[in-house]
Amino acid sequence: MEIISRHQLLTISIIYQIGTTIIFGFAAGAGRDSWLAVLISTFFGTAVVWIYTRITHFNPGLTYIECYPAQFGKVLGTPIAWMHPLLFLYISGRIVADIKNLVPTTILPGTPPWVILLFFMLVISYGLYSGIEVMGKLTEIILPIILLIYLLEVILIFSSGVVHFDNLAPLLDKGWGRIWEVVWPLGIIQSFGESLALALVWTSMNERKSVGRTMIISSLFAGVFISFTDALAVSVFGEEIFKRATYPMYALIQAISVSDFITQLDATGVIYFCFMAFLKTYIYLFATIRSLQKLTYSKSSRIYIFPVVIIALFLGLTMAPNVVEHIAVVQKVIPYNPIYLSLMFVFPILLFVVSWIRNKISTATS
Amino acid sequence: MVQKIQLEHHYDYILSSDVSEDLAHFKTIFDNCIDIKFREFVIHGARKGALVFLSGLVNIQTIDFEIMKPLVESDERLFQDSGSGFNDDSMKHLIENRLLFSSQLSWFDEFSDVVEHILSGNVAFLIDGLKQVLIINAKHWDKRAVDEPATEAVIRGPREGFQETISTNISLIRRRLKTPQLKMEDMIAGRLSNTQIVITYLDGIVDKKLVDEVKKRIGKIKIDAILESGYVEELIEDNSFSLFPQVLITERPDRVVGNLLEGKVGIIIDNTPFVIIVPGTFFQLLQSPEDYYQRYFIASAIRMLRFFAVLFSLLLPSLYIALTTYHQEMIPTMLLISIAASRETVPFPAFIEALVMEIAFESLREAGVRLPRPVGQAVSIVGGLVIGQAAVEAGIVSSPLVIVVSMTGIASFIFPSFQLGLAFRLLRFPMMVAAATFGLYGILMMLLLLLIHMLRLHSFGVPYLTPMAPLRISGLKDVIIRANWPKQSSHAEELKSQRYHNPFKRLRQRQNR
């Protein structure tokens with residue numbers, strides 16, 4: 001069994017939760033109030049993440065997936081548990097599709113998408129083969145570098161003289177309506193609800209008790225980070241462009257121009273998007289493989305690596321015919337999909353209540 | 001104590017008390033060995049004696065005047081005095097205390113032991129009436145003087161380097177650590193070469209598990225001969241399917257001592273000036289002993305320079321390829337124009353251009369190493385200049401590329417560890433292929449592959465990238481910078497912190513399993 005430390009879990013979760021929003025933006029629908037929407041989503045999102053951590057806390061020694069059969073009984077719990085790897089696999093397919101849409105259109109116009117994805121999946125397979133411990137150490141090295149580059153980027157944006165804080169005012173001129181619209185359910189699903197996949201990593205941690213605290217810290221950090229980036233993007237572009245841009249954060253990097261010398265850094269933006277996507281896909285595939293291993297009671301998870309990677313690659317290549325449709329799905333369809341909502345909110349809350357009551361009863365009797 | 005070894009031939013002979021019989025056996029064993037000398041003589045008519053030794057490994061003066069002379073000249077009454085009470089023990093006593101002026105004497109019963117000692121340069125003394133053979137140390141051979149290490153030059157610091165004789169190397173270490181805590185354990189490996197290997201560590205600082213593991217791995221070595229420490233390195237490292245050196249190799253006694261003080265284990269091998277230190281981690285390979293002798297600000301700055309050098313030597317050519325092929329927009333306009341202008345006459349794509357130049361540069365460097373020293377320098381400098389200049393003027397390569405290649409070359413010379421430099425020299429090429437195929441995206445993916453690979457590596461149970469990953473803040477101040485001495489935790493504290501974040505935990509787990 002591989003062990004990751006608290007610090008490694010923290011870095012994995014931060015990178016995972018910031019994830020691809022570093023390019024796609026977050027809560028763009030709320031316009032200039034998006035930063036506020038992000039903060040509110042962070043608040044509720046952190047609560048949801050806390051519920052996930054409590055569930056594993058009440059069921060020590062079990063992975064999140066195994067809690068369903070354990071608490072709801074085999075008949076009811078097993079089908080619910082089986083839905084999780086499918087969900088994870090689907091989302092990883094979505095991220096692969098993100099890469100497929102973004103990389104060829106921005107930095108590698110002539111290269112066929114499948115070659116790019118093949119290379120991507122190759123590196124992921126090597127990572128999966130090496131295990132979660134290696135990935136923990138990898139994020140430990142990379143997170144400081146990413147934060148440093150981000151800081152540099154912020155300084156460069158400010159020195160480019162394109163930041164106008166007036167764009168952020170007036171606050172709430174269109175009321176709370178559009179904020180709630182983006183907070184529920186998309187804002188909570190994105191980044192925070194998706195942390196469900198991280199639940200499969202928690203069992204690998206050496207200090208199981210501090211999982212909750214670590215996850216809350218990382219959720220808050222990621223929330224504040226995204227909120228700040230959103231505010232920055234709005235103050236550079238103004239509300240209208242921000243709302244309409246496909247990749248608002250990508251555009252943000254394009255806005256950098258310091259004395260005509262440091263310009264056009266978009267490729268670096270794509271590069272760290274790729275890294276974020278790499279880690280996110282990695283975690284989803286890891287969660288898929290770990291769940292499959294637990295659900296089929298296999299000793300080794302390695303036999304699943306190859307088929308799962310192939311399926312994710314295939315999903316990514318065939319998911320959406322074009323980028324507009326791909327993004328429309330994430331904004332209009334997924335948040336209202338009953339499977340998503342039930343797996344991320346309804347079932348966990350039920351499971352939480354059941355586990356909590358059982359835990360109370362067992363502590364009372366003993 | 002010399003360990004018993006497995007000889008190629010098992011000798012059925014047993015030592016008898018008859019000198020002529022034993023000598024006949026020795027002569028059969030050392031048939032056709034002209035360097036083995038036999039010297040028979042009679043000690044005052046009373047007893048027959050014989051010496052067997054390897055000429056060339058012994059000091060003839062010692063044999064003549066300190067062994068032969070006292071034996072031949074000895075008073076015959078010595079042997080007659082005790083009469084019937086004269087037994088083996090009194091005989092031994094007599095020889096040890098009255099006849100031989102040598103501080104290192106020992107008796108052996110086994111034929112194979114005696115043969116082994118003769119081969120390692122000791123003198124065997126056979127005497128009639130005794131079943132045992134006396135081994136006298138008279139080793140002496142020509143050796144190189146203690147010289148300045150060729151591969152690890154420093155500006156400030158001791159100028160002594162190891163040489164090929166193991167006893168000299170041991171003394172170089174011992175002179176720097178005058179404590180009984182410094183332990184040296186003897187082992188032998190190599191079926192035919194019977195190479196002496198000494199494991200050295202500081203008792204009380206080192207983790208005993210590590211010492212046991214080292215001994216276990218060296219004990220498992222099955223090879224005919226060990227000619228250099230590289231053999232041992234390859235046979236004991238954790239992961240041989242890797243470009244990265246997982247042990248530290250040094251020619252400097254001060255570096256060995258510094259590492260012993262950190263709880264490492266040194267492996268000294270006979271006949272090579274290179275000592276192995278385990279466990280070896282990546283960041284340690286980027287350190288020079290001089291970092292600790294210079295002022296710490298300077299040393300910290302130089303350490304950071306080295307990190308840039310690592311990145312440069314790995315990435316510079318591939319970044320050039322990626323930027324000029326795929327991401328021209330990232331290059332500032334004026335610079336782009338000048339690059340484009342110089343590339344105008346070049347008929348090749350950037351990748352081919354860079355590949356040709358890199359291969360040319362690597363060939364020059366390799367040629368420089370193999371050629372005799374004075375010629376070598378000239379070839380590398382003149383060759384580099386002429387080829388670079390001529391190639392640019394002929395329009396085969398562009399001048400920015402020549403700058404890139406030479407900067408890469410300089411960066412790869414900054415590596416304090418030659419082995420690590422070699423790894424990065426080679427890694428540059430797959431990096432360039434990735435950059436030519438996928439641009440910056442390819443470089444990122446290759447970097448991830450490389451990092452994952454490095455994170456998978458362990459050296460004797462210690463993760464290769466400690467203390468960066470897994471992160472140990474207290475360890476960082478001796479990695480990125482070189483903190484000044486008082487601020488580096490005192491010895492006891494350092495030990496405590498090491499025990500707390502026990503780097504050998506993993507090793508233990510593996511052994512328990």
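In which loop of chain B is the place of Pro279(B)? In this predicted model, Pro279(B) is placed in the loop that runs between β10 (275-278) and α10 (282-285) of chain B. The peptide bond leading from Val278(B) to Pro279(B) is cis, with an omega near -10°. A cis peptide bond also joins Thr466(B) and Pro467(B), where omega is about -5°, and Pro467(B) lies in the loop between β12 (462-463) and α17 (473-476) of chain B. In chain A, Tyr297(A) has a positive phi of about 55° although this residue is not a glycine, and its place is in the loop between α13 (266-295) and α14 (302-318) of chain A. As background to these local features, most residues other than glycine have a negative phi, and most peptide bonds are trans.

The pairing of β8(B) with β10(B) is antiparallel and extends over 3 bridges, and within it Ile249(B) has Ile276(B) in β10(B) as its bridge partner.

Chain B also contains an open sheet of 5 strands in the order β1-β2-β4-β5-β3, again with antiparallel pairing. Here β1 (36-43) and β3 (105-108) of chain B stand at the edges, and because each has a single partner strand, one side of each lacks a neighbour in the sheet. The twist in this sheet averages 25° from one strand to the next. Strand β4 (residues 122-127) of chain B and strand β5 (residues 133-137) of chain B run antiparallel and are joined by 4 bridges, with Val123(B) standing opposite Ile136(B) in β5(B).

Over all chains, the count of salt bridges comes to 25. One of these is formed by Glu353(B) with Arg343(B), whose closest N and O atoms are 2.2 Å apart. Since Glu353(B) lies in helix α13 (residues 350-370) of chain B and Arg343(B) in helix α12 (residues 333-343) of chain B, the pair ties together parts that are 10 residues apart in sequence.

The two chains meet at an interface in which 28 residues of chain B are in contact with 33 residues of chain A. The size of an interface is often given as the accessible area lost when the parts come together. Between chain B and chain A the buried area is about 2,900 Å², and carbon and sulfur atoms give 77% of it. Of the area that chain B buries against chain A, Phe438(B), Tyr441(B) and Ile452(B) supply 23%, more than any other three residues. Helix α16 (residues 418-456) of chain B provides 15 residues, the largest share of the side of chain B that touches chain A. The residues of that side divide into 20 nonpolar, 5 polar and 3 charged. Across the interface of chain B and chain A, 0 salt bridges are found, whereas 5 residue pairs are in polar contact, with both residues of each pair at pLDDT 80 or more.

Notes:
Residues numbered from 1 in each chain as written. Chains lettered and ligands numbered in written order. Predicted model: local features only at pLDDT ≥ 70, side-chain atom pairs only at ≥ 80, totals over all residues. Heavy atoms only, no water. Contact = heavy atoms within 4.5 Å. Buried area = accessible area lost by both parts, 1.4 Å probe. Salt bridge = Lys/Arg side-chain N within 4 Å of Asp/Glu carboxyl O. Polar contact = N/O pair within 3.5 Å; in protein donor to acceptor, adjacent residues only side chain to side chain. Helix = DSSP H or I, 4+ residues; strand = E, 2+ residues; numbered from the N terminus. Nonpolar A, V, L, I, M, F, W, Y, C, P; charged D, E, K, R; others polar. Pairing = 2+ DSSP bridges. Axes fitted to C-alpha atoms, helices over the stretch in contact; angles between N-to-C directions.
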